[in-house]
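Subject: Handover of a structure, with findings

Dear colleague,

Please find below the structure that I am handing over to you. My notes on it follow directly after.

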Amino acid sequence: IESLLIFIIFIYTLVKGEFKIILLDTVCLAGLIIAGVIWVVYQEYFTAIAILSIADLVGYMPTYFQAGREPEKEPKLTWIGLAISGGVSFFALTEMNKSNTFPIMVMIAADLGLLLIIFVSKKVKQHKILKESAE
């Protein structure tokens, strides 16, 4: 399902958005295709899920970079909410196995990592401003 949703978003972006594909987009799309083939042909479900989870992390990279440059522009409450919803999803699972826990844990880690970047970058910027004003 995740592969299908990523593919639909990709097609929608091509149709309605700008046709500007960067290297990260290509990597994510390649991950989608590889995961789909592994899932269908080899029926290696966890491998496919792991590849999709890595593609999700790659897709977060521009957001990580943006958050590091301009942490004040990132919606902290949104990322906190996403991390919490991931935690709720994890504890709502009725069956725990690597195929259903791994992607949730990866996304929780990605959201928490982003929050860490936001808060650390903000503190570093504040420290630089205080240091410059003291000079």
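In which helix does Lys125 lie? Lys125 belongs to helix α5. Helices here are DSSP runs of H or I with at least four residues, and they are numbered from the N terminus (strands would be runs of E with at least two).

Before the details, a word on the basis of these notes. The model is predicted: local features need pLDDT of at least 70 and side-chain atom pairs count only at pLDDT 80 or more, while totals for chains, interfaces and linings use all residues. Residues are numbered from 1 along each chain as its sequence is written, and side-chain values use heavy atoms, with hydrogens and water left out.

Confidence

The chain has a mean pLDDT of 87, and 92% of its residues reach 70 or more; pLDDT is the predictor's confidence in each residue, from 0 to 100. Among the elements of the chain, α5 has the highest mean value (92), whereas helix α1 (residues 2–16) has the lowest (71). Where pLDDT is low, the predicted coordinates should not be read in detail.

Helix α5 and its lysines

Helix α5 comprises 37 residues, and its first and last C-alpha atoms lie 52 Å apart, close to the 54 Å expected at 1.5 Å a residue. The expected span is 1.5 Å times one less than the number of residues in the helix. Buried residues of α5 include Pro103, Ile104, Ile108, Leu114, Leu115 and Ile118. In these notes, buried means under 20% relative accessible area, exposed means over 50%, and partly exposed lies in between (1.4 Å probe, protein chains only). The buried residues of α5 pack against α3 and α4 (76–92).

Lys125 is partly exposed, because its relative accessible area is 33%. Leaving aside neighbours within four places in sequence, Lys125 is in contact with Arg69, Glu70, Pro71 and Glu72; contact means heavy atoms within 4.5 Å. The C-alpha atom of Lys125 is separated by 30 Å from that of Ala55, 70 residues apart along the chain.

Lys122 also lies in α5 and is partly exposed at 32%. With neighbours within four places in sequence left aside, Lys122 is in contact with Pro71 and Lys76. The C-alpha atoms of Lys122 and Glu72 are separated by 7.1 Å, although these residues are 50 residues apart along the chain.

Helix α3 and its kink

Where does α3 have a kink? The kink, of about 35 degrees, lies at Met61, shortly before the proline Pro62. The bend at a residue is the angle between axes fitted to the seven residues ending there and the seven starting there. Among the buried residues of α3 are Ile49, Leu52, Val58, Tyr60 and Tyr64.

Leu24, in helix α2 (residues 23–42), touches Val58, Met61 and Pro62, not counting residues up to four places away in sequence. Leu24 is partly exposed, because its relative accessibility is 24%.

Gln43 is placed in the loop between α2 and α3. The phi of Gln43 is near 55 degrees, a positive value in a residue other than glycine. Most residues other than glycine have a negative phi.

Aromatic pairs

How many aromatic pairs does a search of the whole structure find? The search finds five. Rings of Phe, Tyr and Trp (its six-membered ring) pair if their centres lie within 6.5 Å; planes under 30 degrees apart count as stacked, over 60 as edge-to-face and the rest as tilted. The rings of Phe46 and Phe102 are edge-to-face, because their planes stand at 70 degrees, with the centres 5.4 Å apart. Phe46 lies in α3 (residues 45–69) and Phe102 in α5 (residues 98–134), so this pair ties together parts that are 56 residues apart in sequence. Phe46 is partly exposed at 25%, and Phe102 is partly exposed at 29%.

Lys98 lies over the face of Phe46, 4.8 Å from the ring centre. A charge sits over a ring if NZ of Lys or CZ of Arg is within 6 Å of the ring centre and within 35 degrees of the ring normal. Elsewhere, Tyr60, Tyr64 and Trp79 form one aromatic cluster.

Yours sincerely
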